[in-house]
Amino acid sequence: MKGLVIKDIMCLKKQLTTFAFVIAGVVIVSVMYVLSTRFGNLAKVGVALLDENNNMSEIDVKNLGSMALVLFMFLPIVSVGDMINVFMADGKAGFVKVSASFPVPLKNRLLARFITIFSLLGIGALADILLAGMLCMLTDIMSFGEFFGVIISVSSLMCIYSALVILFCIMLGYGKEQYAQCFSLLSMVAAFIIVRFKDLKSVFIRIFIEEHGFDSDTFWQPLDFFKEKGYVFFFIAVFVMILSYMISLNIAERKRGVI
């Protein structure tokens, strides 16, 4: 199984190089951004927004800064979170045709794929945590606890996405990796709409029927949820990963061990 993990990592060699450059770029841009919000042009923009817009509060300006930092947090994890290259490389090399003859049990071969993908996501999350620790010393826009909550939320969402990609790649087979990505995203969007249907309906009624427009509390709720409820995404991610492994294993067994 160790050899299979190494093989998968080698398939992602170019992606890991990109990850290293992304980390370097995010560190530089994040530090410049934070310093600018304290001493530079962005600090002046924040003051101007408060002076010129009576509907905007200090909390809104602070949340705008937080939103930009949250987007920075996405980049390192997203850069290692898309693992269809492993499936595409296996298909091009013809590995899917001989994998069933390996003296490694099917469940271990599938587990090796999961270990590779989620270990790399863990590395991306660790890089984000180190970056958050550094940024906390430079800014009070977000506390380390809020940074950590955002990182857990983003990492969990990428774990859910990756688990679904694995499932659909095994279900659809080689050459259908792009479809697997689309189905994974659509599944996540559909699940969100079903779970939060009442909230989305009330927001729709408020904006388009009652014509009250957005209020700041409603607008910033997703950001606050990311900061404070990361554990919710974490437990959902664990459940989806386990479910994806079990269903993927069942499908692979029906395909006579081809993954």
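User: What share of the 259 residues in the protein is buried?

Analyst: This is a predicted model: local features need pLDDT of at least 70, side-chain atom pairs count only at pLDDT 80 or more, and totals for chains, interfaces and linings use all residues. Numbering starts from 1 along each chain as its sequence is written, and side-chain values use heavy atoms, leaving out hydrogens and water. Buried means under 20% relative accessible area, exposed over 50%, partly exposed in between (1.4 Å probe, protein chains only). Among the 259 residues, the buried share is 37%.

User: How many helices and strands does the protein have?

Analyst: Helices (H or I, at least four residues) and strands (E, at least two) are DSSP runs, numbered from the N terminus. From that end the elements run α-α-α-α-α-α-α-α-α-α-α-α. The count is twelve helices and zero strands.

User: How many of the 29 residues of H8 are buried?

Analyst: Helix H8 covers residues 144-172 and reaches 41 Å from its first C-alpha to its last, close to the 42 Å expected. The expected span is 1.5 Å times one less than the number of residues. Gly-173, with a positive phi near 90°, follows H8. H8 is mostly covered, and its buried residues number 21.

User: Is Arg-113 buried or exposed?

Analyst: Arg-113 lies in helix H7 (residues 106-136). Contact means heavy atoms within 4.5 Å. Leaving aside neighbours within four places in sequence, Arg-113 is in contact with Lys-7, Asp-8, Val-86, Phe-87 and Asp-90. Because its relative accessibility is 5%, Arg-113 counts as buried.

User: Which residues form the nonpolar patch on the surface?

Analyst: Like charges are joined within 9 Å, nonpolar side chains (Val, Leu, Ile, Met, Phe, Trp, Tyr) within 5 Å. Accessible areas come from the Shrake-Rupley method with a 1.4 Å probe; for residues, only the protein chains shown count as cover. With about 620 Å² of accessible area together, the members are Tyr-231, Phe-234, Phe-235, Val-238, Ile-242 and Met-246.

User: Why does Ile-242 count as partly exposed?

Analyst: Ile-242 is found in helix H12 (residues 230-254). The buried residues of H12 include Phe-233, Ala-237, Val-240 and Ser-244. Ile-242 counts as partly exposed because its relative accessibility is 48%.

Note on methods
Patches are made of residues with over 30% relative accessible area and no salt bridge: like charges are joined within 9 Å, nonpolar side chains (Val, Leu, Ile, Met, Phe, Trp, Tyr) within 5 Å. A salt bridge is a side-chain nitrogen of Lys or Arg within 4 Å of a carboxyl oxygen of Asp or Glu.
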